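Hi,

Here is the structure I said I would pass on.

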Amino acid sequence: KRLWSCRGKFANRPAQISLQIQGDIEKTLLKKALYTVIGQYEIFKTRFVTVAGMNVPLQVVEKNSIEWNELNSSAQQDDNASSQSIHNILQQLSTRAQNSSGELQAVAATLVQLTDGSNLLVINFHAMTVDQRSMEKVAKQICSCYENFLRGETPDQEEELSYIDVSDWSNDILESEESKDGKRFWTHTHFDSLATSRSALEMTEKETLVDCLQSTPARALDSKKVMQLADFAARKKVSIGDVLLACWQAILYRHEIGPQFAIGVHFDGRSDDELETVIGPLGRYLPVTCNISRESTLGDLSLANKNFQEMAGQLQEYFDWQALAENTPQGFFPYCGELFERDPYIHDQSIQAVCYSIDYAFEPAHVKLSMSYCSTTQHVNYRFYFNGKIVSLGAVNRLSEYLEQIIENVIENPEAT
């Protein structure tokens with residue numbers, strides 16, 4: 001109920017993960033593996049039905065909540081499917097996830113043949129049932145289950161903590177007397193700037209407005225730059241994520257957002273070891289404050305990000321939008337950043353599966369602009385999400401140039417302001 005209230009009318013959106021699978025596959029066994037894994041979790045049997053006059057939807061539990069489709073797009077591809085063509089396919093499947101009445105299927109999977117020997121498994125979930133970590137875990141379980149079926153074995157099913165138990169525990173914490181100190185930490189953040197945050201990236205009245213949420217295709221940083229960036233982060237005793245967040249803050253500062261501001265940064269919501277395996281929407285966006293000036297170095301910002309995020313991570317369960325609604329009536333951050341550090345290789349045995357993309361949809365009325373970046377040991381990919389009503393595609397495309405320039409500057413002169 002809290003989650004739906006924060007997201008408002010834009011809560012009914014899909015979240016998507018796609019796996020690029022190389023080599024021949026047994027479609028029947030892959031479908032069986034997907035149904036087996038999805039069927040283990042009660043949360044994936046839930047469909048949300050909106051009713052006129054009600055502020056929250058009805059949660060309808062269905063026995064069969066999975067939709068399976070197959071699509072052959074090989075005739076439209078060259079020998080190697082381009083990233084832009086795959087991006088278009090993913091967007092089309094995300095749109096198709098909704099039925100004629102606008103409701104989402106709990107789980108909708110599509111196996112897309114890109115070329116001979118190359119397939120894309122695209123799974124759309126209701127965004128109220130998962131977060132990024134959940135989708136990654138489910139994808140790995142599907143691949144492992146498929147591997148078992150290929151060997152003629154029955155996969156093991158482990159009993160895990162359910163999301164409903166975690167949700168009850170989280171609500172109890174927020175309503176307890178012991179939560180006061182944790183809540184006090186969040187009241188000292190720059191919330192007064194959230195509702196009015198505005199940068200030079202936003203369109204003037206003369207520019208054309210587009211009424212939809214948009215995203216750019218994923219872009220990859222040069223591998224040499226990634227190594228140099230990792231070396232810089234190691235010298236400053238911070239992570240690449242801390243540095244990339246500092247780059248994003250510097251970009252917003254250069255576009256006149258102001259010297260003090262808070263942006264929403266993604267945390268996975270798993271502050272306890274027992275929560276590591278939970279499937280559900282535990283991920284949340286928390287305000288990370290930024291105090292920046294012309295004298296600030298990227299190293300200074302990176303270290304400040306590290307220190308603040310460590311404290312925020314320990315106190316994330318005490319963050320409550322409803323208690324801060326006066327300054328943030330939209331229930332979300334105008335500007336966001338999110339980092340995911342992961343191994344893109346979901347499975348590398350009989351099924352060669354690589355995580356092509358994870359798309360966790362933002363509420364278009366609540367977000368102006370967000371930078372999402374995925375870091376592995378050797379690669380950094382990034383993309384931008386933006387509200388087309390507020391920020392133009394041309395402005396977003398120029399952000400890639402700014403980001404690359406800032407990274408080059410810090411590599412050449414680490415102490416530059």
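Start with strand S6 (residues 118-126) of this predicted model. Nine of its nine residues are buried, so the strand is largely enclosed by the rest of the structure. In a regular strand, side chains alternate between the two faces of the sheet. Here, Ser-118, Leu-120, Val-122, Asn-124 and His-126 point one way from S6, while Asn-119, Leu-121, Ile-123 and Phe-125 point the other way, and all of them are buried.

Which strands pair with S6? Strand S1 (residues 14-22) does, in the antiparallel sense over nine bridges, with Ala-15 standing opposite Phe-125. Strand S5 (residues 107-115) also pairs with S6 in the antiparallel sense, over eight bridges, and there Thr-110 has Val-122 as its bridge partner. S5 and S6 form a hairpin with two residues between the strands, and Gly-117 takes a positive phi near 85° in that hairpin.

In soluble globular proteins, nonpolar side chains tend to be buried together. The largest core in this model has 55 residues, and those with the most contacts inside it are Trp-186, Leu-229, Val-243, Trp-248, Leu-252, Ile-263 and Leu-369. Helix H8 (residues 240-254) gives the largest share of this core, 10 residues. If you click on Leu-252 and leave aside its neighbours within four places in sequence, you'll find it in contact with Leu-201, Ile-257, Phe-261, Ile-263 and Tyr-335. Apart from that core lies another, of 35 residues, and Leu-19, Ile-123, Ile-142 and Ala-353 are among them.

Helix H5 (residues 163-175) is worth a look too. Its 13 residues reach 18 Å from the first C-alpha to the last, close to the 18 Å expected at 1.5 Å a residue. Val-166, Ser-170, Ile-173 and Leu-174 are buried in H5. Seen down the axis of H5, the buried residues fall within an arc of 95°, so they line one face of the helix. On the face turned away from that buried side, H5 carries the exposed residues Ile-164, Asp-172 and Glu-175.

Finally, a word on confidence. The protein averages a pLDDT of 78, and 78% of the residues score at least 70.

Cheers

Methods. Residues numbered from 1 in each chain as written. Predicted model: local features only at pLDDT ≥ 70, side-chain atom pairs only at ≥ 80, totals over all residues. Heavy atoms only, no water. pLDDT = per-residue confidence, 0-100. Buried < 20%, exposed > 50% of the residue type's maximum accessible area, 1.4 Å probe, protein only. Helix = DSSP H or I, 4+ residues; strand = E, 2+ residues; numbered from the N terminus. Pairing = 2+ DSSP bridges. Core = buried A, V, L, I, M, F, W, Y, C linked by side-chain atoms within 4.5 Å. Contact = heavy atoms within 4.5 Å. Expected span 1.5 Å × (residues − 1). Arc of directions from axis to C-beta.
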